[in-house]
Amino acid sequence: MKPEEIIIAPVITEKSNDEMQNGKYTFEVNRKATKVDIARAVEKLFEVKVLNVNTMTVKGKTKRVRYVEGKTSDWKKAIVTIDTNPSDKTYLGKGGKEVKISKKYKDAIDEFMGA
């Protein structure tokens, strides 16, 4: 699946707005997507480092219009935790020399609120 097919829409509620301060963003995602798929899609679309992904299936509600009862569809929600303090990584390379990797990651998702 393409990243655009995995991430459907952001979920904007009071609770999700409070969690954005801690680096947690909530998305409506494709029901067939796995946690690994969601993490890769968020990293590719928003250029951030994903630390953790929590998913849950939200059951649809029963609605009634006059005499007819129906049900809204079930959907999948993902809470993605991103790295709010990205730093350079160092490791020992060939010959015992320290090698530094600097990856350009953002510390927030600016497009989340439509800015």
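**Close-up views of a predicted model**

**View 1. R66 in the loop between β4 and β5.** R66 sits in the loop that runs between β4 (62-65) and β5 (68-71). The model is predicted. Although R66 is not a glycine, its phi is positive, at about 55 degrees. Most residues other than glycine have a negative phi. R66 has a relative accessible area of 64% and is exposed.

**View 2. E47 and V48 in the loop between α3 and β3.** E47 belongs to the loop between α3 and β3, and V48 is found in the loop between α3 and β3 as well. E47, not a glycine, has a positive phi of about 55 degrees. V48, with a relative accessibility of 0%, counts as buried. Leaving aside residues up to four places away in sequence, V48 touches V42, E43, I82, Y105, K106, A108 and I109. Between the C-alpha atoms of V48 and I38 there are 13 Å, with the two residues 10 apart along the chain.

**View 3. The largest nonpolar core.** This core has 19 residues, and the members that touch the most other members are I7, F27, I38, V42, V80 and I109. At least two residues of the core come from each of β2 (24-29), α3 (35-46), β3 (50-58) and β6 (75-82). Helix α3 supplies the largest share, five residues. In soluble globular proteins, nonpolar side chains tend to be buried together.

**View 4. Surroundings of V80.** V80 is among the core members that touch the most other members. Which residues does V80 touch, not counting residues up to four places away in sequence? The contacts of V80 are G23, K24, Y25, F27, I38, V42, V50, N52 and V53. Of these, F27, I38 and V42 are also among the core members that touch the most others.

**View 5. The aromatic pair of F27 and F46.** One aromatic pair is present in the structure. F27 and F46 form this pair, which is stacked, with 5.7 Å centre to centre and 20 degrees between the planes. Because F27 lies in strand β2 and F46 in helix α3, the pair ties together parts that are 19 residues apart in sequence. F27 counts as buried at 2% relative accessibility. F46 is also buried, with a relative accessible area of 13%.

**View 6. S16 in helix α2.** Helix α2 (residues 14-19) contains S16. S16 counts as buried, since its relative accessibility is 4% and buried means under 20%. Not counting residues up to four places away in sequence, S16 touches V11, K24 and T26.

View 7. Strands β7 (residues 89-92) and β8 (residues 98-101) pair in the antiparallel sense over four bridges. What is the bridge partner of T90 in β8? T90 has K100 as its bridge partner in that strand. Five residues lie between the strands of this hairpin, and G95 takes a positive phi near 80 degrees.

**View 8. Confidence along the chain.** The average pLDDT of the chain is 89, and 95% of the residues score at least 70. Where in the chain is confidence lowest, and where is it highest? Confidence is lowest in β7, with a mean of 75, and highest in β6, at 97.

How values were computed. Residues are numbered from 1 along each chain as its sequence is written. Side-chain values use heavy atoms; hydrogens and water are left out. A nonpolar core is a set of buried Ala, Val, Leu, Ile, Met, Phe, Trp, Tyr and Cys residues joined through side-chain atoms within 4.5 Å. Buried means under 20% relative accessible area, exposed over 50%, partly exposed in between (1.4 Å probe, protein chains only). Contact means heavy atoms within 4.5 Å. Two strands pair if DSSP finds at least two bridges between them. Rings of Phe, Tyr and Trp (its six-membered ring) pair if their centres lie within 6.5 Å; planes under 30 degrees apart count as stacked, over 60 as edge-to-face and the rest as tilted. pLDDT is the predictor's confidence in each residue, from 0 to 100.
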